[in-house]
Amino acid sequence: MPDLAIRPARPADAQAVCAVYAWHVANGTATFDTAAPDAAAWKAKIADIAARGWPFLVAERDGAVAGYCYATRFRDRAAYAHTCEDSIYVAHDARGGGIGLALLSALLAAARDAGFEQMIAVIGGGEPASVALHARCGFVHAGRMRNVGRKFGRLLDTVYMQCDLTGEK
């Protein structure tokens with residue numbers, strides 16, 4: 001995709017990231033959030049993730065943010081220091097065009113460069129497109145928690161997938 005650029009997020013991207021996520025909160029089950037954080041919260045999150053040396057990336061097409069992803073430590077305990085969890089969202093009107101694949105591929109490399117050895121995907125609603133994207137990028141199924149979330153009056157599963165960033169199996 002020659003017109004697509006993947007780059008580190010900047011504070012100025014907060015409003016666009018907010019809009020991408022807000023659509024998914026209001027319309028989808030990939031997140032179990034029922035209220036979207038505001039742009040100020042996203043600006044703080046971008047800064048916090050960058051300060052920790054972890055990747056927060058945006059996909060930019062024609063000067064506009066078309067998606068974003070980031071990796072944060074999976075859990076706070078020291079034993080998890082080399083394991084991260086990914087989060088990835090593509091703008092609703094840009095889905096299906098390869099942006100998710102470009103973002104997740106870049107995130108895997110950036111997370112490895114940041115010192116992470118394992119990446120966990122926690123896929124709300126067991127979203128088939130997200131499961132397929134993660135599998136395409138080398139993630140394997142690690143588990144399913146059934147009926148753990150409720151959104152839009154539906155009980156939802158969470159699918160766990162895992163990717164070894166060390167190249168070892």
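Colleague: How many helices and strands does the protein chain have?
Modeller: This is a predicted model, with local features needing pLDDT of at least 70, side-chain atom pairs 80 or more, and totals for chains, interfaces and linings using all residues. Residues are numbered from 1 along each chain as its sequence is written, and side-chain values use heavy atoms, without hydrogens or water. Helices (H or I, at least four residues) and strands (E, at least two) are DSSP runs numbered from the N terminus. In the protein chain these come to 4 helices and 7 strands.

Colleague: Why is the protein chain called as compact as a globular protein of its length?
Modeller: The globule rule (2.2 Å times the number of residues to the power 0.38) gives 15 Å for 169 residues. The C-alpha atoms fill a box of roughly 40 × 40 × 30 Å along the principal axes. The chain counts as that compact because its radius of gyration, taken over C-alpha atoms, is close to that value, at 15 Å.

Colleague: Is Arg7 buried or exposed?
Modeller: Arg7 sits in strand 1, which covers residues 4–8. Buried means under 20% relative accessible area with a 1.4 Å probe, protein chains only, and 44% of the 169 residues fall in that class. Because its relative accessibility is 12%, Arg7 counts as buried.

How values were computed: Buried < 20%, exposed > 50% of the residue type's maximum accessible area, 1.4 Å probe, protein only.
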